[in-house]
Amino acid sequence: MSEVESSGTTGSPLSATRRNLLKGVGVAGLTAAGGGLLAACGGSGDKKKDSGSKKPVAGSTVTFGSNYSDAAPKAAFAALTTAATASSKVKVKINTVDHNTFQNNITSYLQGTPDDLFTWFAGYRMQYFAAQGLVEPIDDVWEKIGGSFSPAAKKLSTGLDGHQYLVPIYNYPWVVFYNKSEFAKRHYTIPTTWDEYIALAKQMKKDGLIPIAFADKDGWPALGTFDILNMRINGYDYHNKLMTHKIPWTDQGVHTVFQHWAELMPYMQTGANGRLWQDAAKSLEAKQAGMMFQGTNQVAAQYVTDKADLADLDFFTFPAVNPQWGQDYMDAPTDGFMLSKKAKNTDAAKAILEYIGTGPAESTYLKTDQWDVGLVSGLQVPTYNAIQKKSVEEIAKCKAVAQFMDRDSDPAMANAMIAICQKFIDDPSTSNITKLQQSAEKQAKAIYS
Amino acid sequence: MSATSQGRTPAAVSDKPEDLKSPVRRRRRRLRTMTARDRIVVALLLGIPLLLDLAFVWFPAIGTILLSFTKWNGVGSLHEKTCKPNMPSILNNGCWYGVQNYHQAATIYPEFWPAVRHNLIWLAVFVVIATPLGMLFAVLLDRGLRGTRIYQSLLFLPVMLSLALIGIIWEFVYSQNYGLINTVIGRNGNDNAIDWLGNPHLNLWAVLLEATWRQAGYVMILYLAGLKAVDPTLREAALMDGANPWQTFWRVIFPVMKPINIVIMVVTVIESLRAFDLVYITNKGINGLELLSVLVTSNIVGETQRVGFGSALGVVLLVISLVPITIFLYQTFRREDTP
């Protein structure tokens, strides 16, 4: 009796093994090929659109795909669309998707059944999707709203083919943040040149502060440091050419950028690759760190989230390095809205876009948002705080604003540079810089050709 | 050894004549008299799984292999033309790229070889540390310590959590300035902090500790089930023959558990090859935590997709996975063929 039982139980795991195995094969096959299948599904480029018949716009419904998934921007966005409905009589149905998910699925989203309108970013990142025919040009919208935007804002909304594809809503500068009280207490002055910046960092270190709070666990924050040094040293045109691989990554200019960064490394918070930028911002809040170079969309937003003293936060633009360029350029990424090629209700969607491209629309949005700034020229927003007011001034002073490495270049290249910057942070020696430049160039050749 | 074979043969004899033979005979008779409806039922029962298998396993697998020879960003359609050199990538889309993707992965993609190495390290740690540890827990618990249930629950707890959650829990443990370890050992300052998750020489091991924490519990439960199934008379017999506990385990119990050992071996290999969640939660699988599965994802899932390149990486992972699977299949079916 006991023998039968024992063989029975040893028998069942055997069949379980087989089942497990089959499951395993299935899982392996699916993970290996899931991406390909997904991509293949959205492959057909058919489009059904009745461009001829013009339907009455009022009373119809427009769907809006949104990546404004955090509470504050979501509320601001809801306020914006409510106002848009009130103004244009077009109903808006918002489909909010977590922002990382939204960005990761954008290609299949736009090829599948996208919403009429969707949230997106300016720069090469917009031009890339426009160039593949996934986005509808909105030149007629720009004819109506163009007057309220600067030529720079229009350029940011223009695709490689010269048509407009985006209605911008806000941008935010990448600048050096500090606490006013701390600077006043220790009698620090705002540095405007590279030497002053290094001297200030040295002084802060002597005073027991971390001169520059720094974090790069997410990979992208350090790209901002590369961008600003590149624009200060080599200028805006060089930045654009480098981002689109018209200048090789092995160029001496890139080497100089990394060398300046290496000079800064001893003053930057150590262990950046394992720290989230939120934690770096906390060390600035806690006055353990003297400065932090990042976007207001992150630092100021974090102060608001943490209910820290936002009035004590201030910033200055990154000091000049090469006198030829001074402080002419900065990263000020712009977010906005685009119209899908496959939109079902194009006319009503354009009516919504026309409203969004106005001053009142932007100030409605910015009532809830305490860190970004609007783009409409001469925009007066009564709810702006000191940071926002200063952001507007500093962006206006710039001769050109860049959009950040991952928006100005092919995202695959930005990914490659994320890894390269992290390796640089681990070892900022000159020999390593040369090696990293060569690796970047090889990858760029594979990505851009 | 002899105990095993003795235990098996009588069972096989007692099973087969009554229970197994008759359904076979009946089925044969039914085959001859199958009505149209029966045939439809059979066709459906066989056809649906077959279709599902083709649609969800074979089609994607073969599709991936084909895609791995192309250059494609996921937009528009594929065509048969070969890629022209020195053209902007937007114009060079969906073209035939030959083995270029594989060549690029092996030569200029800096993450590739680290990823292969990390996958192998992951497998080695699971085989050499996590599995024996789970076995040790199981054997100790099986000896009926006081409070066995409590230990069992504690060790099994991580298995019930999703890997994503485990990643987040350990983030609190490893965080540089605010984490548990650095705070306890007093190295959470700004100059002396240990960068557990950011230092590429440390973070793989830190994450492997997280993975082992879970995997050992998983293996333990499987072994406990196996141990419970071992015939107690075997232990008695071993005791009578004067074997010490060590000998009893390795000479008697362990061989009897051969089926469960195979299950665990397969689970270990699969778990280590599909490792993804923990490193992705930790830092998206960059800077010292590269794994093939992550590279596939970061190339295929994303704003701009390098579908061809990512597929090539997927094929590499598939080939690596096929090795243990083939060995296992070969072993299993050979045993069945020779009764």
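Which helix gives the most to the nonpolar patch on chain B? Hold that thought while I cover the ground rules.

This is a predicted model, so local features need pLDDT of at least 70 and side-chain atom pairs 80 or more, while totals for chains, interfaces and linings use all residues. Residues count from 1 along each chain as written, chains are lettered from A and ligands numbered from 1 in written order, and side-chain values use heavy atoms, without hydrogens or water.

Back to the patch. The answer is H4(B), with 6 residues. Helices here are DSSP runs of H or I, at least four residues, and strands are E runs of at least two, numbered from the N terminus. Helix H4 (112-142) and helix H5 (148-160) of chain B each supply at least two patch residues. B:Leu136 lies in H4 of chain B. Patch members have over 30% relative accessible area and no salt bridge, with nonpolar side chains (Val, Leu, Ile, Met, Phe, Trp, Tyr) joined within 5 Å. Together they expose about 920 Å² of accessible area, by the Shrake-Rupley method with a 1.4 Å probe, where only the protein chains shown count as cover.

Next, salt bridges. That means a side-chain nitrogen of Lys or Arg within 4 Å of a carboxyl oxygen of Asp or Glu. One joins A:Lys341 and A:Glu136, at 3.8 Å, N to O. Both residues lie in loops of chain A, so the pair ties together parts that are 205 residues apart in sequence.

Notes
Patches are made of residues with over 30% relative accessible area and no salt bridge: like charges are joined within 9 Å, nonpolar side chains (Val, Leu, Ile, Met, Phe, Trp, Tyr) within 5 Å.
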